[in-house]
Amino acid sequence: MIRMIDILDITPGETYACKYKLGEDKEEKFGLILLRDVDQKLVKLQDLSSSEQFVVSFENIWDVDEVEWVDS
């Protein structure tokens with residue numbers, strides 16, 4: 001079983017990504033976590049498909065994991 005990282009346990013300075021949804025939208029999206037606001041329980045994400053940025057509540061993100069960058 002793969003254990004994902006809790007958003008409260010991420011290490012500042014490291015790169016993380018997660019799955020998320022926007023509002024009532026049922027479409028699952030995937031993005032990089034740019035900023036985390038623990039007090040307001042929000043993250044700023046950059047969508048990997050569109051490069052758009054969104055602010056999403058902790059309750060609408062899941063499968064947080066560290067990004068491993070690979071040179072191609």
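Lys29 is buried, with a relative accessible area of 19% (buried means under 20%, exposed over 50% and partly exposed in between, using a 1.4 Å probe and protein chains only). Lys29 also forms a salt bridge with Glu27, where the closest N and O atoms sit 3.8 Å apart. This is a predicted model, in which local features need pLDDT of at least 70 and side-chain atom pairs count only at pLDDT 80 or more, while totals for chains, interfaces and linings use all residues. Residues are numbered from 1 along each chain as its sequence is written, and side-chain values use heavy atoms, with hydrogens and water left out.

**Salt bridges**

- The structure holds three salt bridges (a side-chain nitrogen of Lys or Arg within 4 Å of a carboxyl oxygen of Asp or Glu).
- Glu27, the partner of Lys29, is partly exposed at 46% relative accessibility.
- Lys19 pairs with Asp63, their closest N and O atoms being 3.2 Å apart; this links distant parts of the chain, as Lys19 is in strand 1 and Asp63 in strand 5, 44 residues apart.
- Glu28 bridges to Lys19 too, with 3.8 Å between the closest N and O atoms.
- Relative accessibility is 27% for Lys19, 48% for Glu28 and 33% for Asp63.

**Strands**

- Strand 1 pairs with strand 2 (residues 29-37) in the antiparallel sense over five bridges (strands are DSSP runs of E, at least two residues long, numbered from the N terminus; two of them pair if DSSP finds at least two bridges between them).
- Tyr20 has Lys29 as its bridge partner in strand 2.
- Strand 1 also runs antiparallel to strand 5 (residues 61-66), joined by four bridges, and Ala17 stands opposite Asp65 there.
- Four of the five residues of strand 1 are buried, so the rest of the structure largely encloses it.

**Aromatic pair**

- A search of the whole structure turns up one aromatic pair (ring centres of Phe, Tyr or the six-membered ring of Trp within 6.5 Å; planes under 30 degrees apart are stacked, over 60 edge-to-face, the rest tilted).
- The rings of Tyr20 and Phe54 have centres 6.2 Å apart and planes at 45 degrees, so the pair is tilted.
- Tyr20 is in strand 1 (residues 16-20) and Phe54 in strand 4 (residues 53-57), 34 residues apart.
- Tyr20 is buried, at 0% relative accessible area.

**Confidence**

- The protein averages a pLDDT of 92, and 96% of the residues score at least 70 (pLDDT is the predictor's confidence in each residue, from 0 to 100).
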